[in-house]
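Biologist: I am new to this structure. Could you walk me through how to read it?

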Amino acid sequence: MSYIIDRRLNAKKKSTVNRQRFLRRYRKHIKRAVEEAVNQRSIRDIDQGGQVTIPSRDISEPVFHHGDGGQRKRVYPGNKEFVEGDEFRRPQGGGGGGAGKGKASNQGEGMDDFTFNINQDEFLDFLFEGLELPYMVKKKLRDATQFETRRAGFTSSGSPEKLHIVRSLRAAHARRIALSGSDRKRIRELKKELWSLEDNMTDPETKARCDALRAEIEDLEKKVRRMPFIDDFDLKFNNLVRIPVPSSKAVMFCVMDVSGSMTQAIKDMAKRFFLLLYLFLTRNYKQIEVVFIRHHTHAKEVDEEEFFYSRETGGTIVSSALTLTGDVIRDRYPAGDWNIYVAQASDGDNWDGDSDSCRQILINRVLPHVQYYAYVEITTGPHQNLWLEYERVREAFPETFAMHQIEEASDIYPVFRKLFARKMEGAA
Amino acid sequence: MSATKKKQKQPLSTGSEWTFELIEAYDREIGRLAGEFGLDTYPNQIEVITSEQMMDAYSSVGMPLNYNHWSFGKQFVETEQRYKRGQMGLAYEIVINSDPCIAYLMEENTMTMQALVIAHACYGHNSFFKGNYLFQTWTDATAIIDYLLFAKKYITDCEERYGSENVEELLDSCHALMNYGVNRYKRPKPITADEERKRQQAREEYIQRHLNELWNTIPHKDAPEAAQEIHFPKEPEENILYFIEKNAPLLEPWQREVVRIVRKVSQYFYPQKQTQVMNEGWACFWHYNLLHGLYDEGLVTDGFMMEFLHSHSSVVYQPPFDSPYFSGINPYTLGYNMMQDIRRICERPTDEDREWFPELAGTPWLEAMHYAMHNYKDESFIQQYLSPTLIRELKLFTIMDDAESPTLKVSAIHNETGYRRIREDLSAQYNLGNREPNIQVYNVNVRGDRSLTLRHYMYNNQPLGESADEVLKHLHRLWGFDVHLESVKPDGTVCAQHHCPPREVLETL
């Protein structure tokens, strides 16, 4: 006797728990691999999953086993030329030689490192582990303009497409049982009586009684049958309510200096930084818009390609970009609806007289509206007056303004982590 | 096989696609043939699964459910990785020693493969599970699924109550000693003990737990000095996890229960480790014969047989020792050939067979096979049934590897003087007691520092591998006091010692 069962539709991902435990246990190794990957990868595939390698000695589960030494006999198949008493040198390192090899390879000696892949989500989890977007709370229900429809039980009125059939029929069933209860009870009693009388049908009196009973039973059964199968007040409808939700929209401003002093290498670093921020935002918000603003002496809103790859020369006036940012925020991204993040990258050059107005614009027009403003200065030289002015901004807005210096590509990820480290007390 | 028999019936199927109706039809026919051969099986539960589910099953040691542990996750990750890269194929089936006997069929298989798997697993392995003495005495097929369900729930509850980290550490330690969680030499009590016996055991355990000898520190009046020599346990205990469960001084009750769970699971798998050659050999023998039976009746097509024979011959292929694919003796090859050989000896014995197997030659083969299946494990099966014919066929030879000597020596080959020695050597190779170091609980320093001493009884002077110190750390975690491990030569001299915590540290203190 055999039972044949189709299990293919059973719940998938049965091993997820164990897999997660495994990842948790080797979190240190994985994090290191992720960090290396971020620093080495090209920009385009920075958000792919990744390969993680763990030295097999760190991962092995120890058991008692025999080590090398002592006498051991092993039987092998496929003898070709050996005769009893042959002696030969011990083969080194296993490779096809035969004796002793089968044993060594399953005891963890000379085994490869343990390598496996993590997928994109896991990769990003590790990449952004311990980071948080500061002050997401601010946009809580305060000026909620978005609503979400959620289920909220059942109601007895509604439009036909929301009809809940199972509950409606259940209610109808319950009503039929409840309303016909007394009648059915009476039917049962009458039937019992009828059966007891049916035994001696010879007596005409009994016969008459039987007929009366039958008639009554029939009447009652008709009555029960007349009960409507489904009635208006049986109907149940799904109840949906609209509740306000915090804005899940974010806009990210990428502000970059493209003056002559910014080389392609510096721009690449800036791009990586922007990319990390973008990935990070995608994990927290459903919908993200990106605004690219580049500037030399004038600021201009451009598309991505132009932002990163076209070159222009000229002086540098940072305030032009900040003014434009302020304008765009005012015109297109009202702070009530949008979570606004600004990331600015520059090599620190600015026209001397401009830095002071940069501070003014930031403090008056930009910072009051944004969630977070991150400034990275990509330079190996000494700080110039822009940095000094920005330091004063930081003092004024320690919660929303952060700045940091990047010297080389490998600094990007650590700096990013610093800027978004959980629980920021004063920026960076 | 009598291939000349007339074909009377229509083939069950002609294409390679399977359907549930076809699986049912094949199962019915194969089951009928198996019944004619006297294969006694548990009812079958055939489950069709996807490759992902197969990997799940792989990583929970083949069981349909198991408690959660990171090592199973590691196994899963590894399997998945290798499968995706094409480094390994998944097994065509997994079969579980339970009642009903659960067999997994992969949906990717062709109809031929499904039929092969049904014959192999649902009738071959299944009848072995039901018939072999080791499985009968050591495992309880009806209870295993329920027990695993209980174990999983219990461990989940422990994780909630005591933190998953604590449970994980404990399981790590138990897993390190898992191979030492079985009674090797002592037969367990009959599994089908009635409720009364179980209750009694529970009471005994209760008493044992609350009258722990190690805590008995009340000094005896006038205790003679010689009492210091008392050994605890009185006899060396081979089942280290059992000893820990019953005697470790610092474990909480829930920890003892977890140790017990690991021990029970280990015990359940113990027969499988000892009957791999026989089990696979038996299953291969029967899939071969059952499917040929179908062919003889005309129930399967020539194309079916071609595909089947192709799979069959790759399963029972033995690469020679110098091939890059060689990874030890293939248990399928050895088992299958030995099973076929028994039949040959019964049906067409040569003079040599009559001399070597007087009690077998010329007797009815089916009875002889069933007798062998019921009453042997790999070690004794090889010792009893490996014939000179097969040794010649496989060209077996023994290599003697003595660490003292700079060279390896061929100590026996397939000739008149070598047959018996090869048979003994191969049999010894499948003796679990030789494969794993023999380590037993030797003594507890009851009156002193409560340190636990294990003894490793050396086999052929083989020392312990380098992971011994790591395992001792785990044992130390379970025991709670110092742990020592001594390697002892047969003449009683101690030739190597391991300590946890390491001795040097102790001496500097």
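Modeller: Start at one pair. A:Gln71 stands opposite B:Asp402 in β4(B). Strands are DSSP runs (E, at least two residues), helices are runs of H or I of at least four, and both are numbered from the N terminus. This is a predicted model, in which local features need pLDDT of at least 70, side-chain atom pairs count only at pLDDT 80 or more, and totals for chains, interfaces and linings use all residues. Residues are numbered from 1 along each chain as its sequence is written, while chains are lettered from A and ligands numbered from 1 in the order in which they are written.

Biologist: In which sense do β3(A) and β4 of chain B pair?

Modeller: Two strands pair if DSSP finds at least two bridges between them. Here β3(A) and β4(B), residues 397–402, pair in the antiparallel sense over six bridges.

Biologist: How many residues does the contact take from each chain?

Modeller: Two residues are in contact if their C-beta atoms, placed from the backbone, lie within 7 Å. Chain A gives 55 residues and chain B gives 79. On the side of chain A, the largest share is seven residues, from α1(A).

Biologist: Which sheet should I look at in chain B?

Modeller: Find the open sheet of four strands, in the order β6-β7-β8-β9, with mixed pairing. β6 (438–444) and β9 (494–500) of chain B stand at the edges with a single partner strand each, so one side of each has no neighbour in the sheet. The twist averages 25° from one strand to the next. For angles, axes are lines fitted to C-alpha atoms, for helices over the stretch in contact, and values run from 0 to 180 degrees between N-to-C directions.

Biologist: What joins β6(B) to β7(B)?

Modeller: Six bridges, in the antiparallel sense. In β7(B), B:Leu454 is the bridge partner of B:Val441.

Biologist: Which helix lies across β7, β8 and β9 of chain B?

Modeller: Helix α20(B), residues 468–479, running at about 55° to β9(B).

Biologist: How much of chain B is buried?

Modeller: A residue is buried if 20 or more other C-beta atoms lie within 10 Å of its own, exposed if 12 or fewer, and partly exposed in between; C-beta atoms are placed from the backbone. Of the 509 residues of chain B, 42% count as buried.

Biologist: What pLDDT does chain A average?

Modeller: pLDDT is the predictor's confidence in each residue, from 0 to 100. Chain A averages 79, and 87% of its residues score at least 70. Over residues 93–111 of chain A it is below 50. Where pLDDT is low, the predicted coordinates should not be read in detail.
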